[in-house]
Amino acid sequence: MAFLHSAAFAQSPPINASIDVSKTGTPISKNIYGQFLEHGGDIVNTGIWSEMLADRKFFYPVDTAAPTPPPVMGNAVGNPRLHRPPTRWWAPIGGAGVVIMDAKLPYSGDQSPLVKLDPKDPHGLRQSGIAVRKGKSYTGRIVLAGDPAAVVKVTLIWGSAAADRQTVTLHTLGTAYRKFPLHYIAAADTDNATLEIAGTGKGSFHVGAVSLMPADNIEGFRPEVIAALKQLRFGVLRFPGGNFVSAYEWRYGVGDIDKRPPIFDPVWHAVQPNDVGTDEFLTLCRLLGVDPYITVNAGFGDAWSARELVEYTNGPATTPMGRWRAQNGHPEPYHVKFWGIGNEPWGDYQMGAMSLPQFEVKHNLFAKEMKKVDPSIKLIAGGAMPDVMEGADQSRRINGQYVPDYLSAADWTGQMILHCLDNIDMISEHYYASGTQHTDMKLQKKVTIDPPLSLIEWERAPAVQVRAKYEHYEEYLKRIPALRAKPVPIAIDEWAYMGSNRDGYKVVPAYAWAFHEMFRHSDVFQMGAFTFATAMMSENRTEAVLNPTGMLFKMYRDHFGTIPVETTGDSPQPKPVFPAGGDQPAINPGSDTYPLDVSAALSEDRKALTIAVLNPSGSEQSISIAVKGAKLTSAGTLWRMAPDSIDATVQVDKKPEVQVEQQSLGTLPDVVTVRPFSVNIYSYPLR
């Protein structure tokens, strides 16, 4: 990506900033660091869950060639990356005709493999492409039924030699399905191990389901992923979608994990095994120490199903759904607090999409039924301010305007506030920042930015979106008296920088700037959910470490304060690059400390002052910081991200090029100098 670099940001006289500790804002919620997991494709099923086998419950037939997925539907039609066939599948052992798919007596879903036996030659099925590591233990299970005379061998193979394998031999099959344990210890490293399920004898046998995981999995989840994400303490985790949720049946994801039917997800155009359902998600939240945020299906879904899901998670064991939860091994209610009603309901690509007036009725119906079960829950409404409605070209479809007028028929958020406010506790807003496109108000469309943005303005882009949403919210406050009486906050529960290298450092200053803009308006922005939690890590199939973005989130969560204080300066930010309207604010985000951006906050106990200084420029910058209303001690600490290159990366299989440095400091200097492209957090106890 090309940038215009300006010589205007060479070393200049120090900027003067003033921090007034007596002027405080609404506390910064821990949930601003929240994360999002969409249950589509491999984001959860292999990115976080430990299962090593693909299609372990046999949605596809056992075949010699890669299976053909069902026809592409919905919003997957225009997404070429969703049109690919599976790369791993079950192939027959013993010839193409020895395995048939039995749809009359399936164990799970619509079909199960039936293997015809031979007295001498092994018949069965195999799957390759499994990653194993030398000395590591693997455990699992297989569900079988068949002729009592059958002998079935389940073999893990990690090499070509006869000794490069371990076999579990099973002799006691019967007509009823039965689960058998599996255990192996690999003796070599490979990403192409094979699991073979082969039998000999008379008659036949069925394979109902099979599972293989590393033995050190944590309640089914990848331990290295849990270790990485748990460091972030990110407050809240949103699940299961995303567009995925609008075609999701939550009941398929509870109960016996091997009996849950595999289904084909029309949104992500992929097999969904339903192994990670509601109980597993809530287990993940417990393991990570974060609060769950569940979005209910308001696309194809109905209010009664949403009510039953709330009862399943929050109802006592004496209720019908609470009793089901208890039968599934979870007698105590989970007390889930945050609930979203639908995902991006304004989008005509959404499964079950409907008009805004119809969705207002639907939202209120959902809210009424859900709160009957638990009046204490907090409901998050699916909103879309003018920046979103123009960005997705939804406004023109509704009322012919590219950018809708406030409170017009195409102002989704405005209309939801007008007609559903009594049933809204927070408003969901999404943004995906772009450094290559912007809204051209004259042409009434998105256009490529030419010439390219300067690097500083590229770094500013996510904060620009935050500022735009703040300005839209201020307009709603002016126009809607009921909102002034009940000022429901915003949950930016999907956000990221489009097209950025998730393992690279370049996006780190951009995300720090977005944080600062949320902190400046902490009364409005009280929840975030970054897309996706897996984007906090660099990972392969067996390892995971925090990448630069994850390091940034951790640094702010661990070391930045929670009570924002006023920061002023003598170097205002420049005017916005583009005219105001839609996704472009009237005022540029940032403190009056250009080219730096400074945000300050007291610790929760008000015993320390933290100062975050972002330098998005390619030159060292100096700033003089005066603190009013408090005195600092003579010993502080600096945490800093300042790699040698903005193109530095952290990749799981390479030496990291980015780190968070910690440095002990004396008295806060009269002039602080910060490195190029650096993010710095200073912390000083107060006297």
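**Close-up views of a predicted model**

**View 1. Helices α11 and α12 cross in the right-handed sense.** Right-handed here says that the near helix is turned clockwise from the far one by less than a right angle. Helices are DSSP runs of H or I with at least four residues, strands are E runs of at least two, and both are numbered from the N terminus. This is a predicted model, where local features need pLDDT of at least 70 and side-chain atom pairs count only at pLDDT 80 or more. Residues are numbered from 1 along each chain, and side-chain values use heavy atoms, without hydrogens or water.

**View 2. Helix α11 (residues 508-520) packs with helix α12 (residues 548-559) at about 30°, their axes 9 Å apart.** That makes α11 roughly parallel to α12 (angles under 35 degrees). Axes are lines fitted to C-alpha atoms, for helices over the stretch in contact, and angles run from 0 to 180 degrees between N-to-C directions.

**View 3. Take a look at the residues where α11 meets α12.** From α11 come V508, Y511, A512, F515, H516 and F519, and they meet P548, T549, L552, F553 and Y556 of α12 (contact is heavy atoms within 4.5 Å). Nine of the contact residues are nonpolar, two are polar and none is charged (Ala, Val, Leu, Ile, Met, Phe, Trp, Tyr, Cys and Pro count as nonpolar, Asp, Glu, Lys and Arg as charged, the others as polar).

**View 4. Eight strands form a closed barrel with parallel pairing, in the order β2-β13-β16-β17-β18-β19-β22-β23.** Pairing takes at least two DSSP bridges between two strands. Helix α11 lies across β19 (426-433), β22 (490-497) and β23 (525-531), at about 165° to β22.

Technical notes: Angles under 35 degrees count as roughly parallel, over 145 as roughly antiparallel, 65 to 115 as roughly perpendicular and the rest as oblique.
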